[in-house]
Amino acid sequence: MRLFFDVLKYRKKILLIFVAVLFFAFLISIASYLTFSADDVIKVGVVDYTRLALRSGPGAEYSQIKSPSSGANLYVSKGDQLVIAEEERNSKGEKWYKVPCSYSETGYAYVYDDEYENFKIYNIERDPEFEDYLTEQGFPESYKDDLRILHYFYPKWEFIAVHNGLDWNRSVDAESVLGVSLVSASSPSSWKSTQSGAYNWSTGTWTSFDYGLHAASREIIEFYMDPRNSLGQDSVFLFLGQFYDDSQTLDGLRDMLSGTFMAGTVTDTDGSSLNYPQTIYNASKENGVNPYVISSIIINEVGSAGTSGSVSGNYSGYENLFNYFNINAYAHSGNSAIKNGLIYAGGSGTYGRPWNTRYKAVVGGIQWYVRNYVSETQISLYTKRFNITSDYECSIQYMTNINGASSEASQLATAYPDSVKSENVLKFYIPVFENMPETACKRPIGDGSPNNRLSSLSVSGYNIGPAFDMDTLEYSLIVPSDVSSVTISASAVDSNAKISGTGTVNLNYGANNIEIEVTAENGSVRTYVLVISRQYGGEDPSYTTSYKIDDDILKGVSTGTKVSDFLSKFSVTNGSIAVTGKGNSDIVATGDRAVIYSLDSSEYKSFSVVIVGDVSGDGQILINDIIKIRNHLLQTSMISGSEALAADVSGDGQILINDIIKIRNHLLGTDQIIQ
């Protein structure tokens with residue numbers, strides 16, 4: 001009873017402390033309501049230099065980060081906005097900024113800010129009115145920081161959340177269907193799919209699809225498909241509405257086309273003059289489509305030099321035919337992609353075909369594009385590329401190249417002069433999927449062969465079952481009791497892969513699970529499992545111990561006894577002993593089992609541990625053990641088995657009030673429970 005009186009004695013102090021904690025928590029909540037915390041301020045550096053290298057650490061001695069697809073060094077350019085995660089001074093006293101980088105293994109890179117102040121720093125605080133707008137639109141938290149930055153620099157821009165009702169994983173599944181999403185053959189291996197039909201594990205080669213492209217991996221599809229990876233000042237143009245409006249000017253289009261084959265006027269095949277900017281602008285305006293979008297699509301399709309056979313006018317057998325949008329230009333029926341595109345251009349009837357002049361090809365191509373790819377659902381470059389229906393079909397998508405729309409978005413961003421970006425209301429329609437990951441999907445950067453298949457697996461002198469197949473991961477084998485070791489051999493399909501787990505392996509009696517790991521050049525691991533069962537023909541185990549054993553009940557264990565100390569009290573011949581329990585504690589408790597195993601790992605004998613007074617099974621005698629007995633006596637929660645044996649502290653074969661008294665006296669130190 002003294003314990004209860006002690007609690008009452010200090011109840012006033014406890015109450016005062018409790019009230020003080022509540023009051024302090026109240027003050028904190030009020031302060032956070034009235035002002036934003038430091039976490040609500042985003043520090044952004046705007047590059048004020050021609051270009052700056054991205055490095056793997058804070059110093060010029062660290063390696064420069066490279067693009068895994070091209071191998072070229074990566075830079076940030078004048079005007080780029082970088083979210084600053086940390087500022088750091090190195091041993092030379094130089095200031096470096098740690099910034100997010102999707103091409104870095106750590107997810108961050110470093111850029112240098114020297115005495116010339118290569119950055120202009122902005123501390124962006126939250127705009128309450130814009131915060132309300134983000135909430136009203138229903139943007140998830142993972143979208144908001146990037147949108148806050150864009151709003152700070154371009155306050156007139158509007159960001160519309162498009163809640164498409166599509167499940168994220170099912171949408172990625174749809175885009176991962178073989179042939180729907182492709183990447184360049186020169187892309188890193190982590191960008192390429194290894195699904196059936198996309199990769200041949202026996203030869204280590206990828207299947208070529210349209211234009212020699214390869215099937216895209218799920219990881220790179222997730223990266224480009226995740227809208228949160230395209231909320232930068234240029235990449236956000238992926239979501240710009242592709243309808244015509246007055247912010248799109250002829251002068252702006254001329255600036256965009258400067259330096260490309262569409263920069264000025266050329267002589268058409270019929271002898272007339274063709275002014276590319278004027279023609280594209282007029283046809284786009286007439287058809288209600290953004291001329292900057294049209295131009296970025298053409299450049300992405302046929303290149304800025306205009307040397308593609310689709311628009312050169314001199315493709316053998318199809319001279320003076322043009323297809324600026326590469327319509328129907330994919331390899332089939334034994335023809336190349338360009339040839340099939342020009343066959344379409346030479347047809348008749350729709351969109352002003354045959355396209356035997358550049359003018360007709362440009363205007364007719366714009367009409368075709370608007371008719372097929374500008375609608376309420378395909379409102380932006382993003383939805384033109386990822387046009388997933390409610391049935392999770394990739395319906396009428398403009399291209400298969402997974403990063404094609406992102407390339408177009410970069411070109412589109414450059415078409416808008418800074419004055420137009422700052423002074424006009426540009427509307428961006430940003431998709432929000434159901435069940436998206438909490439954070440943006442990362443860009444895969446691994447390269448090298450992905451081949452982690454074995455070409456052979458064997459055990460010297462024995463036949464494994466089933467017969468080896470590179471796609472079968474589990475095998476088994478039985479050996480006699482006198483075989484104490486075997487020799488395992490394996491070889492990989494790819495010579496660059498590394499194998500572990502082979503060679504001479506010692507065997508225990510019973511089942512031996514042996515893992516053979518194959519690590520591909522790109523780091524991916526595949527594990528084959530070989531279960532070798534060594535037959536047992538020896539004697540049964542024998543054991544001695546200082547603990548009290550009665551049939552299958554083991555007593556005499558002191559409270560707080562560690563498992564290692566418990567096991568040291570046993571001597572086992574022709575076998576082993578272990579403790580199995582209901583928890584993961586390293587203290588032996590009531591309810592644990594001491595198990596004797598034969599040499600073949602089969603269970604020979606087991607004992608239930610009972611620590612008198614430890615009713616709750618935590619290896620100690622505490623107040624909760626009294627509560628367990630009380631509840632049993634009140635019949636609100638019954639105890640049985642080893643717990644009931646532990647509750648019989650008096651040893652009279654019953655659970656009564658005197659057992660509670662004995663535990664209480666033990667806790668008060670007036671009596672001791674003897675194990």
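How many helices and strands are there in the protein? The predicted model has 19 helices and 30 strands. The protein is more spread out than a compact globule, because its radius of gyration is 36 Å, well over the 26 Å that the globule rule gives for 675 residues. Along the principal axes, the C-alpha atoms fill a box of roughly 115 × 80 × 55 Å. Of the 675 residues, 43% count as buried.

Aromatic contacts were examined next. A pair of aromatic rings is described by the distance of the centres and the angle of the planes. With ring centres required to lie within 6.5 Å, the count comes to 41 aromatic pairs. One of them joins Tyr122 and Phe153. The centres of these two rings are 5.1 Å apart. Their planes stand at 80 degrees, and the pair is edge-to-face. Tyr122 belongs to strand β8, residues 119-124, and Phe153 to helix α4, residues 141-153, so the pair ties together parts that are 31 residues apart in sequence. Tyr122 and Phe153 are both buried.

A further pair is formed by Trp157 and Phe428. Why does this pair count as tilted? The ring planes of Trp157 and Phe428 meet at 50 degrees, so the pair is tilted; the centres are 4.9 Å apart. Planes under 30 degrees apart would count as stacked, and those over 60 as edge-to-face. The two residues come from distant parts of the chain, 271 residues apart. Trp157 is in the loop between α4 and β9 (158-167). Phe428 is in strand β16, which covers residues 427-434. Trp157 is buried, as is Phe428.

The charged end of Arg51 sits over the ring of Tyr75, at 3.7 Å from the ring centre. Arg534 has its charged end over the ring of Tyr509, and here the distance to the centre is 4.0 Å.

The second largest pocket holds about 660 Å³ of space. Its lining is made up of 26 residues. Which of these lie nearest the centre of the pocket? They are Asp210, Glu301, Tyr398, Met399 and Thr400. Helices α9 (291-302) and α12 (358-373) each supply at least two residues of the lining. By class, the lining has 14 nonpolar residues, ten polar ones and two charged ones.

Several backbone features lie in loops. A cis peptide bond joins Arg353 and Pro354, with omega at about 10 degrees. Pro354 is in the loop between α11 (337-345) and α12. Another cis peptide bond joins Gly465 and Pro466, and its omega is about -5 degrees. Pro466 is placed in the loop between β17 (454-459) and β18 (474-479).

Positive phi values occur at residues other than glycine. Asn320 has a phi of about 60 degrees, although it is not a glycine. This residue is in the loop between α10 (309-312) and α11. Is Asn320 buried, exposed or partly exposed? With a relative accessible area of 40%, Asn320 is partly exposed. Ile396, likewise not a glycine, has a positive phi near 50 degrees. Its place is in the loop between α13 (381-385) and α14.

Two residues illustrate how separation along the chain relates to separation in space. Ser410 is part of helix α14, residues 404-415. At 38% relative accessibility, Ser410 counts as partly exposed. Ser410 and Leu238 are 172 residues apart in sequence, and 8.0 Å separate their C-alpha atoms. Gly107 is in the loop between β6 (95-100) and β7 (108-113). The relative accessible area of Gly107 is 24%, and the residue is partly exposed. Gly107 and Lys192 are 85 residues apart in sequence, and their C-alpha atoms lie 21 Å apart in space.

Notes:
Residues are numbered from 1 along each chain as its sequence is written. This is a predicted model: local features need pLDDT of at least 70, side-chain atom pairs count only at pLDDT 80 or more; totals for chains, interfaces and linings use all residues. Side-chain values use heavy atoms; hydrogens and water are left out. Rings of Phe, Tyr and Trp (its six-membered ring) pair if their centres lie within 6.5 Å; planes under 30 degrees apart count as stacked, over 60 as edge-to-face and the rest as tilted. Helices (H or I, at least four residues) and strands (E, at least two) are DSSP runs, numbered from the N terminus. Buried means under 20% relative accessible area, exposed over 50%, partly exposed in between (1.4 Å probe, protein chains only). A charge sits over a ring if NZ of Lys or CZ of Arg is within 6 Å of the ring centre and within 35 degrees of the ring normal. On a 1 Å grid over the protein atoms alone, a cavity is a set of points where a 1.4 Å probe fits but cannot get out, and a pocket is an open set with protein on both sides within 12 Å along at least five of seven lines; lining residues have an atom within 4 Å of a point. Grid points are joined across faces, edges and corners, and a volume is the space filled by probe spheres set on the points. Ala, Val, Leu, Ile, Met, Phe, Trp, Tyr, Cys and Pro count as nonpolar, Asp, Glu, Lys and Arg as charged, and the others, Gly among them, as polar. The radius of gyration is taken over C-alpha atoms; the globule rule is 2.2 Å times the number of residues to the power 0.38.
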